[in-house]
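Work through the following exercises with the sequence and the coordinates open beside you. Each task is followed by a solution that goes step by step.

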Amino acid sequence: LPTCRDSQLFIKDLHFDGVPVRIYLPREPSTSKRRGVIFIHGGCGIFGSISKELKEKIICRYIARKSDSVVLSVGYHLAPEHKYPAQTLECLTATVHFLKTAETHGVDPARILVCGDSVGGTFAASVCQELGHRTDIPKIRAQVLIYPFLQALNFNLPSHQKNSAIAFPSRERTVHFILKYLNKDCSLKEAVLAGSHVPESINLKYRKWINPDLLPDVFKVGYKPPLPALFLPQVHEEVQELFEPWFSPLLAEDAVICGLPDTCIVTCEHDVLRDEGLLYKKRLEDSNIRVTWHHVEKGFH
C-alpha cells in the first residue's frame, strides 16, 4: 500500500515536536470539525513502524474511512536503542501537540480519543493517566484499549495459566519481551514468572487491584492458585521499572484513575493479557468511569 495513494484519504508524514507521525485525513470536505483518533501501535515496544507495518496502515485507514475521522499514527522510536520510557514520552509529546493543534488539521479538540493495541494500549493508558488532570490543554474525550498490557506484578492470573502455551504471546514470551524492552538480563525470566521479584509488602498493597478474586467466576474455571514464591531481593532491585505506573498502568493511584476519560476495553479469550483488561475495567468502574467492554470469545492477541 503506497503511502501517497488512497482515493479517499490524504496521507502525510510529519514530525510533532521531533516525534514521527503519519496523519490520515478524509478527502471529502466536511461542514464541521472532525473527530480525531490518535493510534499507537503495538509490538512490545521493540517492533513495529508507522511506515512498514501493513496491519497499522490497514487499521488507520479503516478507522479514518469508516468513522470519518482524522487519524494520527504515532511512530515512537523503539527499544532497546531508545531506552524506556522514551516510547511513552514520545506518545505523550505527540498527543499533546495534536491536542494543541487539532483545529489546523480540521479536528474538533473536544472530540479526540487515544487508541492502542497491546503495548500501544499500555502507552495509551499511560498518556491518559498523565493528562487526566491537566487544565492547560483540551481534555481527551475517550481511550480505547485493545488487549492492553497493564501490569507486571502477577504472571499467574487465570488467563496466564489458561493461555500459557498460546503461540503469541505465550506467558514466557511475554516476560521475555518485557525484559528485552527494558534491556534487562533475560535470565531473570523464570524468577519474574514465579513472582519472586515482588516483596510481600507490594503484594499486599496492590492486592486490592490485582487479584484473581476480583474476576468474574466464568473467567476462573480450572484456575489453580500458585504456591507463594520465594522473594529474591536482587531480582527486585533489577526490575524496579515494573512497579512504575508508566510501565504498569494498573498500579496508578485512585486519584489518577478518577481523572480518566470514557473508556472502551477490548479483551480476547485466548490471550494471556485478558485478565489485565478485566481488572482495569473493574478499577475504572469502581471509580465511576464509564466503560464499554467488548470481549471476543474466540479471539486471539
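**Exercise 1. Describe the lining of the largest cavity by residue class, then by position and by secondary structure.**

Step 1. The lining of the largest cavity divides into 13 nonpolar, 5 polar and 1 charged residues, where Ala, Val, Leu, Ile, Met, Phe, Trp, Tyr, Cys and Pro count as nonpolar, Asp, Glu, Lys and Arg as charged, and the others, Gly among them, as polar. The model is a predicted one, in which local features need pLDDT of at least 70 and side-chain atom pairs count only at pLDDT 80 or more, whereas totals for chains, interfaces and linings use all residues. Residues are numbered from 1 along each chain as its sequence is written, and side-chain values use heavy atoms, with hydrogens and water left out.

Step 2. Rolling a probe the size of a water molecule over the atoms shows where empty space is left. A cavity is here a set of points, on a 1 Å grid over the protein atoms alone, where a 1.4 Å probe fits but cannot get out, and lining residues have an atom within 4 Å of a point. Grid points are joined across faces, edges and corners, and a volume is the space filled by probe spheres set on the points. By this rule there is 1 cavity of 30 Å³ or more, and the space in the largest cavity comes to about 230 Å³. Its lining has 19 residues, of which C44, V119, F149, T174 and I178 are the closest to the centre.

Step 3. Helices (H or I, at least four residues) and strands (E, at least two) are DSSP runs numbered from the N terminus. Both α3 (119-131) and α5 (171-181) supply at least two residues each to this lining, and α5 gives the most, with 5 residues.

**Exercise 2. Locate the backbone exceptions and state the burial of the residues with positive phi.**

Step 1. Most residues other than glycine have a negative phi, and most peptide bonds are trans.

Step 2. C44, although not a glycine, has a positive phi of about 65°; C44 belongs to the loop between β3 (34-40) and α1 (54-67). Because its relative accessibility is 18%, C44 counts as buried (buried means under 20% relative accessible area, exposed over 50%, partly exposed in between, with a 1.4 Å probe and protein chains only).

Step 3. N288, which is not a glycine either, also has a positive phi of about 65°, and its place is the loop between α10 and β8 (291-300). With 73% relative accessibility, N288 counts as exposed.

Step 4. Among the peptide bonds, the one from A79 to P80 is cis, with omega near 0°, and the one from Y84 to P85 is cis, with omega near 5°. P80 is in the loop between β4 (69-74) and α2 (86-101), and P85 is also found in the loop between β4 and α2.

**Exercise 3. Is D275 buried or exposed, and which residues is D275 in contact with?**

Step 1. D275 is found in helix α10 (residues 274-286), and D275 is buried because its relative accessible area is 0%.

Step 2. Leaving aside neighbours within four places in sequence, D275 is in contact (heavy atoms within 4.5 Å) with L157, P158, S159 and L215.

Step 3. The side chain of D275 reaches the backbone nitrogen of S159 at 2.7 Å.

Key:
A polar contact is a pair of N or O atoms within 3.5 Å; within protein, one must be able to donate a hydrogen and the other to accept it, and residues adjacent in sequence count only if both atoms are side-chain atoms. On a 1 Å grid over the protein atoms alone, a cavity is a set of points where a 1.4 Å probe fits but cannot get out, and a pocket is an open set with protein on both sides within 12 Å along at least five of seven lines; lining residues have an atom within 4 Å of a point.
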